[in-house]
Amino acid sequence: MKRYTDPYLAGVGIGLVLLAAYAIAGRGLGASGAFATVVATGMAVVEGPHTVAASPATAPYLTNGLASPLQDWLVLELLGVILGGLASAWFAGRTRVAIERGQGISTSQRLIAAVAGGVLMGLGAKFARGCTSGQALTGGALLSVGSWIFIASCFATSYLLSPLARRLWR
Amino acid sequence: MMPLTESGALGATGASIAALAIGFAFGWCLERAGLGSAPKLAGQFYLRDLTVFKVMFSALLTAMLGAFWLDRFGLLDLTLVYLPETFAASQAVGGILFGAGFLVAGLCPGTSCVAAAAGRLDGFAVIGGMLFGILLFNVSYSQMEGLYTATAWGPITIAEVLGTSHGVMVAAVTSAALGAFAIIGRPFMAARQHAAPARAVDPALSRSLVTVAAALALAAAAVDLQAVDARPIATEIEQERDHITAPDLAELIIGGDRALQVFDLRSRVEFDRMHIPGARHASLETLSRDPLPRDATVVLYSEGGAHAAQAWVLLRMRGYRRVFFLREGLFEWVARVMEPRLATDATALERADFIRAVEMSRFFGGSAREGVPRSEVPVGYWNSAAHGAAHGTQDVAAARGSTDRMVARIRRRGC
């Protein structure tokens, strides 16, 4: 198993990737937006496209109508993230099926926490109109006011609540 | 000039390939840094492992400095890069929910994909939870809408809110981050950290990275504190890229261009009597002070054109790039959009332009007139290309005398 890359160097790498996204596509990176597109498309298939296209919560994520979500920029980008993550882990000898957890909890407790955390992040990313990629990095580097509000409130909450979650990550 | 997708240099297929490639590089870097592993990320919250902080802020600095300088060298138009809109309350609450979720899950949306791709089942669990959370929000949107749409401040930057320049803010953020990097590298902080060993970067490379960042940041502040470079503005005026014709403005309004902001520089009384639909009243003073969304398309007009042209220079000096004015002011709007006239001996070209104008006139509640004697149609009235050149000052002066009468007539019709 290879050692991890120096975090500052990896950060500069991500910064250059983000800069390339600005320069090529006129937008930044994203992750939760792609999931929002997947959910909106799924809802449109189940409920019919009209209600989904009428709601301001979902309409922006159906810009291609019901055309394949694979035509969506963010969805393709996230597909790239998955492939890039897989390739990097493969070449570093880090691919393995496992449930990573702190030592104080069982695997099933870890999975429950992961789902619960995911639900909270899904809700949070909707309210914030983006996540650590789409708001904190992309908007942060452009000095967007809302992005910095998100960065501040996200990390303040994590640190404030961290004593309560100590058992999860012992 | 970049962004490439805006200039049309990149087709749909090219954009798709770029999206995949950019994502691939992003995912690769995240995994290389170890951010596919939840316990490693969570170490951030107990100050055991500050990888998240280091990766995030060095990425932010790199992109911020790079974007600033690409823009300054004219390679990238930053006003065309999508700036996330600010909804202060919603984003604060979103941050609280997200921060709590991040702590419990140990992964964020992007890194959960990397974890899942490397075979971590907890990554899949996070993704599942996230999809459910988004669905939950969507189906209960009617209860969330109030908060979600409150405090809409538009696309706005910290520099605009603080009334400082972008370069100064870039320098401030860079120094704060470099300072934080220095602090977490001190022995008292480093002693707490038990990060899985990462290949330490060559100290010489690390020093040069810090030096480059500091130099770029200082220079950013310095160039923005200097007087604005007036040369590109002068070129724009010489090349007549400073104004917009009334029919073009009418089309922007009809098209519902969201970035459009029209400002009326006449007196309040005149504004209240009649103004271009959607226009807001403004003075040279408010325009020199109040922040505008930086991607706004601003159109200025006054009675004649002088004040609008002066306001144009003010806004261009403040760094807004898509600013235009109506060269002959409200008169031009009335004459060419509200009450277009066609001479009895009109050419085919004039007739074609008139047909377009009739529709606009109807849209805005004006009235078009056909069969007008040639002498009542100002020279260069229709041909927009020849408009600036052929339009003698005499015509303008003669025609402007009738603006008041025109306004009065339109008022009677209840515009």
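**Exercise 1. How many salt bridges does the rule find across the interface of chain B and chain A?**

Solution. Start with the rule: a salt bridge is a side-chain nitrogen of Lys or Arg within 4 Å of a carboxyl oxygen of Asp or Glu. Across the interface of chain B and chain A, three are found. Now look at R110(A) and D122(B), whose side chains form a salt bridge at 2.8 Å, N to O. Next, sort the residues on the side of chain B that touches chain A: 88 are nonpolar, 28 polar and nine charged. Here Ala, Val, Leu, Ile, Met, Phe, Trp, Tyr, Cys and Pro count as nonpolar, Asp, Glu, Lys and Arg as charged, and the others, Gly among them, as polar.

A note before going on: this is a predicted model, where local features need pLDDT of at least 70, side-chain atom pairs count only at pLDDT 80 or more, and totals for chains, interfaces and linings use all residues. Residues are numbered from 1 along each chain as its sequence is written, chains are lettered from A in the order in which they are written, and side-chain values use heavy atoms, leaving out hydrogens and water.

**Exercise 2. Is H243(B) buried or exposed?**

Solution. Check the relative accessible area of H243(B), which is 18%. Buried means under 20%, exposed over 50% and partly exposed in between (1.4 Å probe, protein chains only), so H243(B) is buried.

**Exercise 3. Which residues does H243(B) touch, not counting residues up to four places away in sequence?**

Solution. Using contact (heavy atoms within 4.5 Å), we find F324(B), F325(B) and R327(B).
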